[in-house]
Amino acid sequence: MRLLSTIIIAIVALSAQAQCQFRNTAFKSGEFLTYNLYYNWKFVWVKAGTASMSTVQSQYRGQQAWRSSLTTRGNRRVDDLFVLRDTLLCYTSTKLEPLYFRKGAHEGKRYTVDEVFYTYHNGLPHLRQHRQHNDGTHAWKQSQQDQCIYDMMSIFLRARSFDPTGWKKGNTINFPIADGKNIDRARIYYRGKTTVKADNGHKYRCLQLSYMEKERDEAKYKEIVRFYVTDDTNHIPVRLDMFLKFGSAKAFLVSMKGTKGSVAATN
């Protein structure tokens, strides 16, 4: 009986340790993507700047990790209308467990910094969250969680390795999402397939995925970003529709290099 109990405890422990892990099938070290940004101003779409996303194998606190960053840069043409200078960074383990997240956001006249630090015990995360407010003040909080927690970068890396085989329009994946202050409910909603023309002149068959967050104290979810990712194992973002507090923006793929597999255009 003692041996059986020991085996059961070991199996449960192994299951707990693995529950926040996920197999990467979508990207490799050295992937680099660039985008053109467009901002909607009084019903007119204007070129607003550029964005770039990179993923490399690195180290975080002595362990092998993925380092992924997303940088958006508005141009001077639209700075008088809306300043957009966001830098997002995350580290995950090689099995896609979130380790660290940072978002520095200069949007309009506001500048804020969010950080999330993850550590794990028996496979479940302990979070330290940090928010630097626009006035320069800082707020910290800590919590032990009984489920896996993600941030907007780490969930995107994980979502790229989802297998959509058999998905139907309306398929929904729910998860908790953290920033420097809160942990909220979020979801990815599948909207079906479509063809998207990128800014490199090519068209790609894409999956439509909406990233949605539950509005605090309300029952409904608000769409934050709609991703159009290639319908292959790479799941490269070809187009992003962003629904901002101050309007809406779009990003279209310009170039890609270092992809794990080949990406075929439809034309």
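Here is a short chat about strand pairing and nonpolar cores in a predicted model.

Student: Why are β10 and β11 called paired strands?

Tutor: Pairing takes at least two bridges, and β10 (residues 183-197) has 11 of them to β11 (residues 203-214), with the strands running antiparallel. So they count as paired. For one of the partners, look at Lys193, which has Leu207 of β11 as its bridge partner.

Student: What takes a positive phi in the hairpin of β10 and β11?

Tutor: That's Gly201, with phi near 90°; the hairpin has 5 residues between the strands.

Student: How do you know that β11 pairs with β12 too?

Tutor: Same test: at least two bridges are needed, and β11 and β12 (residues 221-230) share 9, in the antiparallel sense. Therefore this is a pair as well. Lys214 stands opposite Tyr221 of β12. Their hairpin leaves 6 residues between the strands, and Asp217 in the turn has a positive phi of about 65°.

Student: What makes Phe175 stand out in the largest nonpolar core?

Tutor: That core has 53 residues, and Phe175 is among the five that touch the most other members, along with Tyr35, Ile177, Ile188 and Phe227. The largest share of the core, 5 residues, comes from β11. Leaving out residues up to four places away in sequence, Phe175 touches Tyr150, Ile155, Asp184, Arg185, Ala186, Arg187, Ile188 and Tyr211.

Student: Why does Ile188 count as a contact of Phe175?

Tutor: Contact means heavy atoms within 4.5 Å, and Ile188 is on the list of residues Phe175 touches, so the pair meets that cut-off.

Student: Which residues belong to the other core?

Tutor: It has 7 residues and lies apart from the largest one; among them are Ala65, Leu99, Tyr100 and Phe117.

Definitions and conventions
Residues are numbered from 1 along each chain as its sequence is written. This is a predicted model: local features need pLDDT of at least 70, side-chain atom pairs count only at pLDDT 80 or more; totals for chains, interfaces and linings use all residues. Side-chain values use heavy atoms; hydrogens and water are left out. Helices (H or I, at least four residues) and strands (E, at least two) are DSSP runs, numbered from the N terminus. A nonpolar core is a set of buried Ala, Val, Leu, Ile, Met, Phe, Trp, Tyr and Cys residues joined through side-chain atoms within 4.5 Å. Buried means under 20% relative accessible area, exposed over 50%, partly exposed in between (1.4 Å probe, protein chains only).
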